[in-house]
Amino acid sequence: MTAFADLRLSEPVLEALRDIGYEKPSPIQEQGIPPMLEGRDVIGQAQTGSGKTAAFGVPIIEYVDPTSSDTQALVLTPTRELCIQVTQAIRGFGARKNVEVVATFGGAPIREQISRLRSGAHVVVGTVGRVLDLIDRGALQLSSCRFVVLDEADEMLDLGFLDDVEKILRRTPSGRQTALFSATMAPPIRKLADNFLYEPEHVKVKSDTLTVDSVEQFFVEVPSKDKPEQLAEVIAAERPRQAIVFCRTKIGTDRLFRLLRDRGNNVRALHGDLSQGQRDGVMLAFKGGRVPILVATDVAARGLDISTVTHVVNYDVPRSPDTYVHRIGRTGRAGATGRAITFVEPKQGREREAIEEHVGIPMTPWAKGATTPTGDRHAAATRAAAKGEAPAEVVEEAPADVVAEAGPAVAGAPADAPTAEAAPVEAAPEASTDEEPRRRQKPRRGRKPQIHHDADEPGTRIVLVPGADDGLAIRDLVEAITSSTGLDGEAVRGVSVLEHFSFATIPSSGAADAVEAINAAGGQVRAEVLLAD
Ligand code: AMP
């Protein structure tokens with residue numbers, strides 16, 4: 001059995017991995033880290049949940065020279081959510097080497113990101129559109145960038161970003177080392193790899209370790225018109241702790257969301273017509289475990305690390321077997337088990353067969369309490385999870401005295417992120433406001449604030465590390481913010497502590513200074529502006 005130490009990692013990186021709690025490398029890490037350390041280009045065929053972030057993040061950290069202020073590595077991500085996730089992960093790997101990792105993504109003020117780049121960013125993690133913008137403005141210098149990673153290249157393809165990716169690659173030194181990660185290798189991605197990678201080492205996590213082992217796969221044959229009733233039956237029988245229900249289209253997603261909502265379900269919708277702010281709201285509610293059912297399109301839900309999803313329902317058969325692998329990869333993550341149930345219309349038998357061929361095992365007909373042959377050993381654990389044990393992803397809501405307005409700053413959030421396409425639809429505001437009014441309250445009287453802020457003052461959403469997995473509680477986070485910034489506790493709103501990171505809203509006036517003060521305090525907590533309104 002390989003240990004991280006067998007991969008010839010340096011002591012600061014081994015220590016950082018121990019701090020994070022990684023005990024041994026996952027298959028993609030075991031296979032991907034050595035060629036990357038040798039300086040080879042790598043194609044990694046793996047999806048989120050496989051541990052691919054460390055497969056490229058650890059070699060980057062090994063390679064970065066913290067004594068130089070140049071940007072030495074660039075990681076491109078398709079979405080802002082993935083950008084934040086990857087940034088936090090790489091910061092963790094580099095925590096004992098003083099490596100500065102800066103996130104640059106659309107939907108947040110560009111000036112703040114420019115000033116962070118100016119003050120030195122060894123590793124830049126960014127969404128495609130924002131990175132191109134920063135390069136064009138001369139704010140991101142890539143002449144010393146020797147390491148470029150394309151993370152979730154297939155999603156970049158789906159979102160139409162490959163041209164921009166090529167533009168960015170052409171702006172990096174030709175002697176760079178390039179790694180491309182993608183769950184699937186569609187022809188345009190293969191072509192990109194042929195054009196921009198030099199004799200890459202192809203590292204592949206077998207799809208059966210992604211799917212068969214940890215996800216029981218079922219199908220139900222059901223005519224289109226009977227799908228709503230079938231879904232109700234599946235939900236009643238499976239009692240998912242958290243389920244993602246996939247539809248093919250935005251319209252279908254919205255229609256199903258409304259239907260489920262009108263029937264009294266606690267449900268949210270996620271699709272590309274929502275603004276980034278709205279998507280943040282939906283994701284926070286879902287990631288926090290407050291919402292059991294998320295109806296989503298493929299584009300909106302891919303690449304997300306949500307460890308509490310017990311079920312994936314393919315309400316519509318996915319467009320391709322690759323998409324199927326992506327979808328069911330949302331459950332059965334990081335050692336947990338999951339169940340995937342695919343609704344197949346009578347004329348879609350061939351599509352089901354194509355999926356089965358791709359994945360390598362047949363789906364089992366679904367019935368209440370059904371298990372698959374491979375899933376029997378997991379069934380007890382899965383059912384226990386489905387009965388509603390405490391979620392692994394801890395979210396603490398701030399107590400009333402620190403919350404003036406819970407939840408993310410959705411209203412009026414800038415929407416220039418790559419995936420924010422059109423005007424807001426009804427789904428998200430509805431989705432993200434239902435819990436807010438009860439918690440909204442005026443600042444308490446009778447306590448002399450150090451700096452007083454009106455609760456109605458515009459807020460700036462900040463993202464902070466660490467999260468609950470480092471033992472951080474709401475009160476620690478508020479304390480870290482108030483003690484370093486001089487802000488009054490009541491000025492810190494909407495605090496959420498997630499597994500790996502946390503969010504809070506602070507008054508927009510002086511937000512940049514406050515973030516600087518938090519980071520300068522040298523404590524456990526580090527902050528960055530996410531959204532300003
Ligand atoms: P990723 O595929 O990189 O998004 O990782 C999926 C999840 O697995 C994240 O929550 C990681 O923190 C976790 N993880 C990745 N590698 C390891 C490892 N070697 N040991 C334990 N957890 C890991």
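**A sheet and its surroundings**

Mentor: Ile-244 stands opposite Leu-294 in strand β11. The model is predicted: local features require pLDDT of at least 70 and side-chain atom pairs count only at pLDDT 80 or more, whereas totals for chains, interfaces and linings use all residues. Residues are numbered from 1 along each chain as its sequence is written, and side-chain values use heavy atoms, with hydrogens and water left out. Strands (E, at least two residues) and helices (H or I, at least four) are DSSP runs, numbered from the N terminus. Two strands pair if DSSP finds at least two bridges between them.

Ile-244 belongs to strand β9, residues 243-246. On one side of this strand point Ala-243 and Val-245, on the other Ile-244 and Phe-246, and all are buried, where buried means under 20% relative accessible area, exposed over 50% and partly exposed in between, with a 1.4 Å probe and protein chains only. Strand β9 runs parallel to β11 (residues 293-296), and four bridges join them; Ala-243 has Ile-293 as its bridge partner there. With β12 (residues 311-314), β9 pairs in the parallel sense over four bridges, and Phe-246 finds its partner in Asn-314.

These strands belong to an open sheet of seven strands with parallel pairing, in the order β10-β11-β9-β12-β13-β8-β14. At its edges stand β10 (267-270) and β14 (364-365), each with a single partner strand, so one side of each lacks a neighbour in the sheet. Helix α13 (residues 276-287) packs on this sheet and touches β9, β10 and β11, contact being heavy atoms within 4.5 Å. The direction of α13 makes about 135° with that of β10; axes are lines fitted to C-alpha atoms, for helices over the stretch in contact, and angles run from 0 to 180 degrees between N-to-C directions.

Another open sheet of seven strands, again with parallel pairing, has the order β3-β4-β2-β5-β6-β1-β7. Its edge strands, β3 (101-104) and β7 (201-204), each pair on one side only, and the twist averages 15° from one strand to the next. Within it, β2 (residues 73-77) and β5 (residues 147-150) pair in the parallel sense over four bridges, with Leu-74 opposite Val-148. Helix α2 (residues 27-37) packs on this sheet, touching β1 (42-45), β5, β6 (177-182) and β7, and its direction lies at about 165° to that of β7. Helix α6 (residues 128-136) touches β2, β3 and β4 (123-127), with about 120° between its direction and that of β4.

A nonpolar core is a set of buried Ala, Val, Leu, Ile, Met, Phe, Trp, Tyr and Cys residues joined through side-chain atoms within 4.5 Å. The largest such core has 46 residues, and those with the most contacts inside it are Leu-9, Phe-56, Ile-60 and Ile-90. Helix α4 supplies the largest share, seven residues. Domain 1 (4-205) and domain 3 (448-532) both contribute residues, so this core lies between them; the domain bounds come from an automatic or database domain assignment. Not counting residues up to four places away in sequence, Ile-60 touches Ala-73, Val-75, Val-123, Phe-147 and Val-149. A second, separate core of 35 residues includes Ile-110, Val-148, Leu-150 and Phe-161.

Thr-87 lies in α4 (residues 80-93) and is buried at 1% relative accessible area. With residues up to four places away in sequence set aside, Thr-87 touches Val-101, Ala-103 and Val-125. In helix α5 (residues 110-118), the buried residues include Ile-110, Ile-114 and Leu-117, and just after this helix Gly-120 takes a positive phi of about 110°.

Arg-8 sits in the segment before α1 (11-20) and is exposed, at 76% relative accessible area. Glu-152, in the loop between β5 and α7 (153-158), counts as buried at 6%.

As for cysteines, Cys-145 is buried at 0% relative accessible area and Cys-247 at 1%. A disulfide is taken as a pair of cysteine sulfur atoms within 2.5 Å, and by this rule the count is zero.
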